[in-house]
Amino acid sequence: YHTYRMEWTPYYMAFYVDGKQVRRETDPKEFQIFLDQTLTKAAQLRISIWAGDEDWSGLFDVTKVPAASYVNWIQVFNYTPGAGIGGSDFTLRWRDDFNNLNTNRWFNANWTFDVAVNDYIAQNSGVRNGKLVLILTNEAGIGNFPAPPEDNTPDYGNLIYPSNVLAINAGGNSYKATDGINYIADKYFTGGRSSKIEDPIANTDDDFTYQSERVGYEFTYAIPVKNGLYDIELEFNEQWWSYDGWRIFNVDVESVRRLSDINLFATAGKNVAVSYLINRVQIVDESLNLLFSGTKDMATISGIRIKPSSLSSASSSSSSSSSSSSSSSSSSSSSSSSSSSSSSSSSSSSSSSSSSSSSSSNSSSSSNSSSSSNSSSSSNSSSSSNSSSSSTSSSSSSSSSSSSSSSSSGSSSSSSSSSSSTSSSSSSSSSSSGMPLANCSYVITNQWNNGFTAELRIRNVGNSPIDGWQVSWRYSGSNRSTGGWSANFSGSNPYQATPLIWNAQIAPGSTIAVGIQGTKALNSAAEVPRPYGAICR
């Protein structure tokens, strides 16, 4: 089995095979039909195996019939920026494990189309042993379903986003958080010791996370993950001290100081949940390395959450899989085939889709037939939302008797569930003097009763590198910055951030993020000032 995912938002379309992104489209002009924020009509999710004509997909080998595709599960998500599982951009809408065929969600197709050399028929789509089975046959083999194989898909470190987030309960045992994330017991650490309390924790519904900790003057984590970009959320609680400045510590991520002079009591007080989000950490050695070091007293950590970055850069292909996409004004389809087995999964969404969908399927071969006697069927599910679409499917090949099956759900539901947990303000500049241009934004990443964290994001939108930078911001109300990470800070409202050695240069098209920590009036909303400077004036 292989896991396929398609993400369709108003800003990008992305395709993944087994957790690895293989294609990403962001051009609003070239893909204006799909990257349209005004789309509101219903969409259909189609799961099918079918035979195309020679011009569409090449000459079909008739001896490959019968063939089959097996789908283990499908998940559909709504696009909810920053408000999904583990802070992701997607919230689960529904999941189908195919214990039976839900006729309120799916219907069997009974049609064909110009480039298909087969017919879609209901008899070649059905549920068998907890799998949706789609078969491509000649007329004599109609309805002859093979037994589906078991799904032994590797979990890729539980990082097949958006389905899973890897979470570690530092110093504690495994448990399930209120947002559905499963924390594993503390592991992958070297040094430090565990400590637990039973006091209630403010600013969270998950006291269990913050009642345990790993603590020490210096300790590390080496967490196995696949190479790629990850967003890391670190969860802290001051369990012991009731005085400002009695615990101060740092956090290095991949040998780079990302959090400096953390003072939990000054930030939030004792037994108050505090979290820091570190975006787009690049892993190249299949290990996420964290170093916690105390400056005054010991460093501490209560929880670690890891998820692939939603802004991971695209690659055109991978060694074990390939992906292609076909789009028209009314639908988009993605198909992926594994090089190790002849497999394919095809899904189509109407141009107005705003939900995200994921599916796990085992598919044999996407067969093209030269004879109209081959029969196929297709499964479609119709759903409507005004935001985005994401789909993942897991598939594997089988050479047993099969026929292409396409079914479409006759039910459509309308949802407008686009929400965001972050706030931002930005400015950009253009200049005829040749100065590099930047889009500078200030984004709230977390806030609690009297504090907040934010990110100052600087994106080089010019054609030449930015070599050295200074960006300032000023709060109009009671908000004040108390420090941050990934920059040198100076000033006192206004504040200035200047680069460290490793992020002084920003390549064209690249973005750097600077962390900001601050205080605000009790239970008020954190301010979002407009950043300014020579590069983003």
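Colleague: Is Cys536 buried or exposed?
Modeller: In this predicted model, Cys536 has a relative accessibility of 1%. The cut-off for a buried residue is under 20%. Cys536 therefore counts as buried.

Colleague: To which residue does a disulfide join Cys536?
Modeller: The structure holds one disulfide, with an S to S distance of 2.4 Å. The angle about its S-S bond is -105°, a left-handed link. One end is Cys536, in the segment after strand 42 (511–519), and the other lies in strand 34 (residues 438–447), so the pair ties together parts that are 96 residues apart in sequence. The partner, at 0% relative accessibility, also counts as buried; the disulfide joins Cys536 to Cys440.

Colleague: Which side chain does a polar contact join to that of Thr453?
Modeller: Thr453 lies in strand 35 (residues 451–460) and is buried, with a relative accessible area of 0%. Leaving aside neighbours within four places in sequence, its contacts include Ser275, Tyr276, Trp448, Trp485 and Ile516. The polar contact, at 2.9 Å, joins the side chain of Thr453 to that of Thr445.

Colleague: Which are the edge strands of the open sheet of six strands?
Modeller: The sheet has the order 12-13-11-24-18-21, with mixed pairing. Within it, strand 11 (residues 166–169) and strand 13 (residues 182–185) run parallel and are joined by three bridges. An edge strand pairs on one side only, and this holds for strand 12 (175–176) and strand 21 (274–283).

Colleague: Which residue in strand 13 stands opposite Ile168?
Modeller: Strand 13 spans residues 182–185. In that strand, the residue opposite Ile168 is Ile184.

How values were computed
Residues are numbered from 1 along each chain as its sequence is written. This is a predicted model: local features need pLDDT of at least 70, side-chain atom pairs count only at pLDDT 80 or more; totals for chains, interfaces and linings use all residues. Side-chain values use heavy atoms; hydrogens and water are left out. Two strands pair if DSSP finds at least two bridges between them. Helices (H or I, at least four residues) and strands (E, at least two) are DSSP runs, numbered from the N terminus. Buried means under 20% relative accessible area, exposed over 50%, partly exposed in between (1.4 Å probe, protein chains only). A polar contact is a pair of N or O atoms within 3.5 Å; within protein, one must be able to donate a hydrogen and the other to accept it, and residues adjacent in sequence count only if both atoms are side-chain atoms. Contact means heavy atoms within 4.5 Å. A disulfide is a pair of cysteine sulfur atoms within 2.5 Å.
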